[in-house]
Amino acid sequence: MAWREQLQKGSFRGVPFFTTAAGGVFGRRNVVHEYPLRDLPYAEDLGRKARQFDIDAFVLGQDYMTARDRLIEALEKAGAGELVHPYRGRLRVVVVDASVSETTDEGGVARFRITFVESGEKLEPGAAANTVDAVESAADKAATASKNGFARVFAAAGFLDFVGDGAIIQINGALTAIRSASNLTLLSGTALPGFLAGLAGLSSNLTALIRSPELLASSLYAQVGGLFDVSSTYTGALTSLRSLFGFGGSEQAVLMTTPNRRQQAVNQAAVIALVRQTAAIESTRALANITPASYEEAIVLRDEVANQLETLAETADDEVYVALTDLRIAVIKDVAIRAADLSRLVRHPMQNTLPALVVSYRIYGSTGQAGDIVARNHVRHPGFVPGGQAIEVLDA
């Protein structure tokens, strides 16, 4: 290939620029030792010198000021970033010096003189907590506590038949809600038959199961938690599980006028609590495996799941309270660490109506984000992103 064909369009952190010249500094780090009464010095080689890249760049056009400000913002960000060097390709660098100049003689152009230095990795690996495993461990403990809490209060044996009949109706309602929740996402074809068979089997065995609270708790928990296992994506699993956060909210309260009625009310509350707790606990596993598109989206999901855990803990017994609280703390830590490097949402002013492909290229230097721009801003037609207002985009 001819050298012109190998040139690449320059950019830093995704912000494009044009180039007039590029240079660099390289070599070895040699320390020269000169000794008394010796004519020849000794050169001590301390390794390769950090490579420095000097670039004369510019941005131009009617909206060059916007391009200028975006490049300045990218240059001022902390830490290393990706430089697409016109002559050397993709490099991981830090900015050590940058300057910009503008003149009225050359209107519509901002010229930059930028010095980059290659950025390596730390030789010693830093210690980092495995927050996803911490969520999994806390979720396992919360699941055990939730089932134990149900078994401690649920009872049908030794009471009049209507207590057991009411529990069966309540649990069948939960199974219907679980089935409805599964329709909110695309399920894995291999796991779906077993999931549906489990729902049917649990419903047909309720008369016996209500007399064994421990086994009933495990069976019902397995069916709610099954939404996590059979969903084809973690995002789909989270959607299904979140739909059960308000389960039982429209149930008519049982009048606690007799001991049997009081137990019926306790059983009703126990079923509702178990379904809600299971949905919240299993949603933390799904969330731990999801990387949202932006920091803001991650915080919204975190707050919804964490707030649900907090609400459920407030009305739980001591064992369940501690387990749900520990899980909530683990979720908050996990999302805080994993979301730290996600893109932030920013408002981008649109002066004119333009195609999404053009908007994406102007913002990111590529057309790859056009679909996200259309979806995020609910644009009716990708050929017409409306002007005269600001749109929401991911930080470049």
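Tutor: Happy to! Five elements each supply at least two residues of the lining of the largest pocket: strand S2 (15-16), strand S6 (52-60), helix H2 (64-76), strand S10 (345-350) and helix H12 (356-364). Helices (H or I, at least four residues) and strands (E, at least two) are DSSP runs, numbered from the N terminus. Keep in mind that this is a predicted model: local features need pLDDT of at least 70 and side-chain atom pairs count only at pLDDT 80 or more, while totals for chains, interfaces and linings use all residues. Residues are numbered from 1 along each chain as its sequence is written, and side-chain values use heavy atoms, leaving out hydrogens and water.

In total, 21 residues line the largest pocket, and Asp63, Thr66, Ala67, His348 and Arg362 are those nearest its centre. A pocket here is an open set of points on a 1 Å grid over the protein atoms alone, where a 1.4 Å probe fits, with protein on both sides within 12 Å along at least five of seven lines; lining residues have an atom within 4 Å of a point. The volume of the largest pocket is about 680 Å³, counted as the space filled by probe spheres set on the points, which are joined across faces, edges and corners. Sorted by class, its lining holds twelve nonpolar, five polar and four charged residues. Ala, Val, Leu, Ile, Met, Phe, Trp, Tyr, Cys and Pro count as nonpolar, Asp, Glu, Lys and Arg as charged, and the others, Gly among them, as polar.

Now for the rings. The whole structure has four aromatic pairs. In one of them, the ring centres of Phe18 and Phe58 are 5.5 Å apart and the planes are at 25 degrees, so this pair is stacked. (Rings of Phe, Tyr and Trp, the last by its six-membered ring, pair if their centres lie within 6.5 Å; planes under 30 degrees apart are stacked, over 60 edge-to-face and the rest tilted.) Because Phe18 lies in strand S3 (residues 18-25) and Phe58 in strand S6, the pair ties together parts that are 40 residues apart in sequence. Phe58 is buried, with a relative accessible area of 15%, whereas Phe18 is partly exposed at 38%. Buried means under 20% relative accessible area, exposed over 50%, and partly exposed in between, using a 1.4 Å probe and protein chains only.
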